[in-house]
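Hi,

Here is the model I promised to pass on. Have a look at it first, and my notes follow below.

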Amino acid sequence: MNTHENHLYEERLIAAVLAEEDLSQEELEHLALCPSCQALRDNIASDLAGLEEMGRQAVRVPPRRFQIPKEPLIIRQHRPGLLALAGSLALAAVALIAVWLGVWGPQPATIPTTGFSPLSSPAVGPGYMAMPPRPLYDDQDTLAGLGVQEVDTFSPFQQFVLGGDHTAVNEDFLDFIIPEPGPRGRGMQGGAA
Amino acid sequence: MQNQIANPVEAHEHTVEWTAALAQKAVQGDRAAFDKLVDLFWPDIYRMVYFRAKNPMDAEDLAQEVFLRAYASLERLRQPERFRSWLFSIALNLVRDFHRRGRGLRLIKSHDASKEAHQPEPVDQNSESALEGVLRHEFWREIKSFTRELPEKEREVFCLRFLDQLSIKEIAQLLDRAEGSIKSHLFRAVAKLRRRNRLLKLVRGEL
């Protein structure tokens with residue numbers, strides 16, 4: 001018997017209220033003879049009954065408005081299997097279209113690869129250091145060797161606005177990024193301007 | 001008295017038998033039988049959804065939807081004697097859907113859930129005294145505070161047993177679990193309730 005100083009533990013008293021059939025014969029016999037345990041059990045029972053009653057009274061139930069429909073009803077049941085299949089098919093279709101566009105679709109206009117990279121200077125941040133840094137003249141030599149013109153980074157409209165000759169702009173820009181070593185710090189002045 | 005608390009449905013065997021007979025007739029297409037079942041269970045279902053929806057308008061809509069679905073799915077009721085737990089399972093699923101939709105809407109509206117959690121229960125000023133209103137409000141506050149502290153399974157079982165007043169057997173059927181498991185959750189929840197002095201005083205009318 002689960003007892004504490006010859007009385008039932010609280011958990012057994014709760015069981016006695018909620019599921020008396022769970023109590024052993026010995027516990028039932030004790031409960032039948034012990035006024036102290038009976039009082040505690042009745043106390044628990046009374047509290048739970050009060051709780052139920054307050055719960056009932058705490059909601060005011062409106063009069064029923066529901067009327068049985070005259071026509072037979074058919075509630076559409078969701079079929080998770082079908083839904084998942086439809087979703088998978090849709091995803092597969094999207095993936096196929098993406099692959100088809102990638103292989104057969106219009107190719108983006110490409111700029112001839114020259115190996116020229118103005119950002120391959122050691123002064124550029126570590127994010128661009130995947131390729132080993134090469135001196136600029138290497139690229140120029142490559143360009144000369146391939147006979148490819150340097151790609152103009154300005155559109156015709158920009159060239160028109162800039163007056164065709166934009167080398168000075170480019171130089172200032174590069175000066176700002178890569179200041180020339182020297183006592184006057186020309187690059188920094190250019191950048192500030 | 002004690003038996004009523006332990007097994008409220010089993011204490012009314014005639015109601016259970018009557019319900020099963022009505023459900024059997026309703027399954028066979030008897031509209032009048034289903035109408036009587038609606039009369040019988042409308043208060044229970046309304047209370048059940050109200051406890052969870054916390055809004056009279058939503059509760060009424062949900063309760064109607066429960067009976068509509070039950071009526072449309074009657075042919076799937078294999079055991080008419082389980083009509084009550086079957087009806088509650090429909091209600092429970094609808095409430096879960098309702099909260100899922102609510103969560104989605106809250107995400108869209110950036111609704112502050114904490115405000116809702118402390119929203120006072122609506123009090124009908126016309127039909128109850130100020131004291132009753134205060135006690136009712138206090139009761140809800142204490143119940144919310146207590147159930148929030150319970151683990152999910154204990155909370156679910158506690159609410160189904162003491163607020164929805166289902167028997168242990170019906171809860172086991174509804175949640176598709178063993179009665180022993182339901183009992184152990186319930187006993188733990190009640191043991192914790194025994195330490196909630198304020199709620200118990202309220203229930204005993206000592207506040």
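Let me start with a term: a polar contact here is a pair of N or O atoms within 3.5 Å, where within protein one must be able to donate a hydrogen and the other to accept it, and residues adjacent in sequence count only if both atoms are side-chain atoms. By that rule, 13 residue pairs are in polar contact between chain A and chain B, both residues being at pLDDT 80 or more.

Some housekeeping. This is a predicted model, so local features need pLDDT of at least 70 and side-chain atom pairs count only at pLDDT 80 or more, while totals for chains, interfaces and linings use all residues. Residues are numbered from 1 along each chain as its sequence is written, chains are lettered from A and ligands numbered from 1 in the order in which they are written, and side-chain values use heavy atoms, with hydrogens and water left out.

**The interface**

Taking contact as heavy atoms within 4.5 Å, 39 residues of chain A touch 48 residues of chain B. Together the two chains bury about 4,300 Å², with 63% of that on carbon and sulfur atoms; buried area is the accessible area (1.4 Å probe) that two parts lose on being put together, summed over both. On chain A's part of this, A:L18, A:L51 and A:F66 supply 16% of the area buried against chain B, more than any other three residues.

What about charge across the boundary? There are 9 salt bridges between chain A and chain B, a salt bridge being a side-chain nitrogen of Lys or Arg within 4 Å of a carboxyl oxygen of Asp or Glu. One of them pairs A:R65 with B:E60 at 2.6 Å, N to O. On the chain A side, α1 (10–18) and α3 each supply at least two of the residues touching chain B, and α3(A) gives the largest share, 14 residues. Helices (H or I, at least four residues) and strands (E, at least two) are DSSP runs, numbered from the N terminus. By class, that side of chain A has 22 nonpolar, 5 polar and 12 charged residues (Ala, Val, Leu, Ile, Met, Phe, Trp, Tyr, Cys and Pro count as nonpolar, Asp, Glu, Lys and Arg as charged, and the others, Gly among them, as polar).

**Salt bridges in detail**

Over all chains, the structure holds 27 salt bridges. In one, B:R194 reaches A:D47, with the closest N and O atoms 2.9 Å apart. B:R194 sits in the loop between α10 (179–193) and α11 (197–204) of chain B and A:D47 in helix α3 (residues 35–57) of chain A, so this pair joins two chains. Both B:R194 and A:D47 are buried, where buried means under 20% relative accessible area, exposed over 50% and partly exposed in between (1.4 Å probe, protein chains only).

Within chain B, B:D44 and B:R47 form a salt bridge at 3.6 Å, N to O. Both lie in helix α3 (residues 31–53) of chain B, 3 residues apart, about one turn of the helix. B:D44 counts as buried because its relative accessibility is 18%, and B:R47 does so at 13%.

**Cysteines**

How many disulfides are there over all chains? The search finds 0, with a disulfide taken as a pair of cysteine sulfur atoms within 2.5 Å. A:C34 is in none, and its nearest cysteine sulfur, that of A:C37, is 3.7 Å away, which is too far for a bond. At 7% relative accessibility A:C34 is buried, and A:C37 is buried at 1%.

Cheers
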